[in-house]
Every structure is written in structure tokens, then in C-alpha cells.
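Please look over the sequence and the structure before reading on.

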Amino acid sequence: MTESLPADVADVLAAVLTADNPVHVALRRQVPHLSVRGRCTCGCGTAYFELDTSKAEPAPTGLSTVVAAEAQLVTEAGECPGEVLVFTQGGYLSWLEVCSWSDDVEVTLAAARRWLQTRS
């Protein structure tokens with residue numbers, strides 16, 4: 001189901017789930033079975049996931065809701081206007097949140113994608 005993920009979501013997940021630890025490895029294995037069931041209506045790009053849990057093993061994050069991955073966003077000018085957070089519930093990808101800390105710089109998933117790609 002990777003093709004059902006919008007490119008901005010797929011790219012940001014790929015950029016933040018890069019660690020070679022058991023949690024990120026398990027979460028990367030879930031991505032092909034992931035789809036977006038909804039988006040935040042404010043335009044930030046936050047995405048809420050639907051996952052076929054019969055086709056994926058849970059990550060070792062525990063049963064509660066946790067932030068399994070995060071990345072601070074740094075603009076070309078070196079400002080840190082926000083971050084992206086990847087949440088899991090019960091070890092399964094649940095949502096990707098875009099957080100803004102700035103009133104001066106618009107923080108969206110599209111901007112996060114651009115900023116994360118320039119740091120790689």
C-alpha cells in the first residue's frame with residue numbers, strides 16, 4: 001500500500017525513520033501496509049494513519065502512545081521553526097504530526113519535507 005501514501009508523507013517518514021534500531025526497523029516494515037485515513041484541516045499536513053496490522057508486526061514501543069521518532073526542522077537560514085513527530089499506539093504507526101514553534105515561518109509537511117531533504 002505504499003503507493004497510497006502521499007509523497008510528502010512517505011518522504012518525511014523515510015527521513016525520520018532512519019535509525020538502525022529495533023523500533024525504526026520495525027516501523028519501516030509497517031510503511032508498505034500504511035495508508036492515510038485523514039489529515040489535519042488547518043493545512044499543516046499532519047497525517048493520521050490506517051495500518052493493516054495483520055500484515056505487520058508491532059514495534060517494541062510498548063502498548064501506550066509514544067513518540068517513536070522526531071526531527072527538528074531547520075530552515076536554509078538556520079532557524080528552527082518546528083519539528084515533526086511520529087507517533088505509535090501499541091507499537092503501530094498511528095500519526096505523523098507537524099509542530100510549529102514560530103509565528104514567522106510557516107511550518108507544513110511540505111516545508112518539513114524540503115528542509116529534511118536538504119539536511120541529508
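Which residues of helix 3 are buried? The model in which this is asked is a predicted one.

## Helix 3

The buried residues of helix 3 are Leu109, Ala111, Ala112, Trp115 and Leu116. Viewed down the helix axis, these buried residues fall within an arc of 150 degrees, so they line one face of helix 3. The elements that cover them include helix 1, strand 1 (34-39), strand 3, strand 4 and strand 5.

Some care is needed with this part of the model. Helix 3 (residues 109-119) has the lowest confidence in the chain, with a mean pLDDT of 87, while helix 2 (residues 22-30) has the highest, at 97. For the chain, the mean pLDDT is 92, and 97% of the residues reach 70 or more. Where pLDDT is low, predicted coordinates should not be read in detail.

## The nonpolar core

In soluble globular proteins, nonpolar side chains tend to be buried together. In this chain, the largest nonpolar core has 33 residues. Those with the most contacts inside this core are Val9, Leu13, Val16, Phe49, Val84 and Leu96. Two or more residues each come from helix 1 (7-16), helix 2, strand 2 (47-51), strand 3 (65-73), strand 4 (82-89), strand 5 (92-100) and helix 3. Helix 3 gives the most to this core, with five residues.

## An aromatic pair

The structure holds one aromatic pair. The ring centres of Phe87 and Trp95 are 4.2 Å apart and the ring planes are at 15 degrees; planes under 30 degrees apart count as stacked, so this pair is stacked. Both Phe87 and Trp95 are buried.

Phe87 lies in strand 4. Its relative accessible area is 12%, and buried means under 20%, so Phe87 counts as buried. Residues up to four places away in sequence aside, Phe87 touches Thr65, Val66, Val67, Tyr92, Leu93, Ser94, Trp95 and Glu97. One of these, Val66, is 21 residues from Phe87 in sequence, yet their C-alpha atoms are 5.6 Å apart in space.

## A buried histidine

Is His24 buried or exposed? His24 is found in helix 2. With a relative accessible area of 9%, below the 20% cut-off, His24 is buried. Apart from neighbours within four places in sequence, His24 is in contact with Val16, Leu17, Thr18, Ala19, Ala68 and Ala69.

## The chain as a whole

The chain has three helices and five strands. From the N terminus on, these elements run α-α-β-β-β-β-β-α. The radius of gyration is 14 Å, close to the 14 Å that the globule rule gives for 120 residues, so the chain is as compact as a globular protein of that length. Its C-alpha trace spans about 45 × 30 × 25 Å along the principal axes.

Of the 120 residues, 46% count as buried. Among contacts with a separation of 6 or more, 55% are between residues 24 or more positions apart.

Notes: Residues are numbered from 1 along each chain as its sequence is written. This is a predicted model: local features need pLDDT of at least 70, side-chain atom pairs count only at pLDDT 80 or more; totals for chains, interfaces and linings use all residues. Side-chain values use heavy atoms; hydrogens and water are left out. pLDDT is the predictor's confidence in each residue, from 0 to 100. Helices (H or I, at least four residues) and strands (E, at least two) are DSSP runs, numbered from the N terminus. Rings of Phe, Tyr and Trp (its six-membered ring) pair if their centres lie within 6.5 Å; planes under 30 degrees apart count as stacked, over 60 as edge-to-face and the rest as tilted. Buried means under 20% relative accessible area, exposed over 50%, partly exposed in between (1.4 Å probe, protein chains only). Contact means heavy atoms within 4.5 Å. A nonpolar core is a set of buried Ala, Val, Leu, Ile, Met, Phe, Trp, Tyr and Cys residues joined through side-chain atoms within 4.5 Å. The arc is that of the directions from the helix axis to the C-beta atoms. The radius of gyration is taken over C-alpha atoms; the globule rule is 2.2 Å times the number of residues to the power 0.38.
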